[in-house]
Amino acid sequence: MYTTFIIQGPLTSDTLRSVKICGKHGNVIVSCWNTDDPQLLQKVHDFNYCKVIINTLIKGKNYNFQNLSFQLESTVSALEMCDTEFAVKIRSDEYFTRLYPIIKSVEDNPDKISCCNFLFRKKFLFHPSDHMFGGTVENMSRMTKEAYGICKSKEKNEKLRSSMFNLREDYAPPALPAEMLLCLSWLKVNDDDIASKSNTLTMQDFIKQYRELMKKRYALVRLSDLGHFLVRFKTNNNINGPTAFTCEKQVLDFEVESITSLDELDSASLKFPMAASY
């Protein structure tokens with residue numbers, strides 16, 4: 001088997017489902033926390049084909065907007081345990097029953113990061129999905145270690161701003177979310193200095209170069225190709241809105257628009273200033 005599935009985050013009942021599914025297609029590493037339910041942890045240990053990493057949860061150390069530092073720490077620790085060429089990261093509270101499309105995408109596009117289209121936002125720059133993404137272990141490690149290093153260099157209450165990547169502040173939210181930090185880190189480790197061009201190019205020219213670069217560095221897998229699935233949006237600010245989705249139509253009809261093709265990353269879809277609309 002050439003692919004390791006990293007199931008990352010606090011253990012849930014859906015973690016067990018995901019371990020069973022992923023175990024049919026590749027190696028499995030569950031990277032969880034020492035604060036997780038002991039009964040769930042024992043059930044994960046009972047899968048004899050699954051490696052388990054128990055990370056020590058320490059709160060209040062670094063920049064951790066949207067639990068970003070925790071996500072990166074548990075992902076990096078799992079990547080260090082991989083002995084396959086490719087890896088795919090999945091959240092521990094989500095699952096996908098048809099994994100062949102993401103496996104094929106990472107194998108066919110070894111120089112790219114492959115991800116699903118859930119919350120690969122149409123209206124925001126540098127916002128690919130972080131719910132399911134994969135690539136070579138080397139590339140995944142380069143990207144996540146760069147992003148994690150940035151988090152560790154910032155204090156808990158310090159905002160991580162787009163200006164640290166030389167990206168215009170009206171082209172990003174006030175504090176970089178997980179998706180944007182991962183994307184900008186991936187571009188940075190590839191010496192793709194597109195962000196600084198936001199200060200010199202017209203918006204139209206910048207978006208054109210941005211779209212072509214995203215096509216060069218990312219491959220997209222649609223939710224509709226991933227079988228039955230459960231994905232979550234726990235940070236939905238609308239208390240009457242959904243926090244989970246089980247079909248792509250629900251996702252595409254949702255107010256937070258997700259793309260179905262990288263060609264949709266165009267200036268007509270973007271919403272400026274982004275700082276006021278995230």
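**Reading the fold and its cores**

Mentor: The chain has 8 helices and 10 strands; helices (H or I, at least four residues) and strands (E, at least two) are DSSP runs, numbered from the N terminus. This is a predicted model, in which local features need pLDDT of at least 70, side-chain atom pairs count only at pLDDT 80 or more, and totals for chains, interfaces and linings use all residues. Residues are numbered from 1 along each chain as its sequence is written, and side-chain values use heavy atoms, with hydrogens and water left out.

Trainee: How many residues does the largest nonpolar core have?

Mentor: A nonpolar core is a set of buried Ala, Val, Leu, Ile, Met, Phe, Trp, Tyr and Cys residues joined through side-chain atoms within 4.5 Å. Buried means under 20% relative accessible area, exposed over 50%, partly exposed in between (1.4 Å probe, protein chains only). Here the largest such core has 51 residues, and those with the most contacts inside it are Leu 72, Leu 125, Phe 126, Leu 167, Leu 181 and Phe 206.

Trainee: Which elements each supply at least two residues of this core?

Mentor: They are helix H3 (68-79), strand E6 (113-116), helix H5 (137-152), helix H6 (178-189) and helix H7 (203-217). H6 gives the most, with 8 residues. A second, separate core of 39 residues includes Leu 16, Phe 86, Val 88 and Ile 103.

Trainee: What percentage of the 278 residues is buried?

Mentor: Buried residues make up 55% of them.

Trainee: What does the C-alpha trace span along its principal axes?

Mentor: The trace spans about 55 × 40 × 40 Å.
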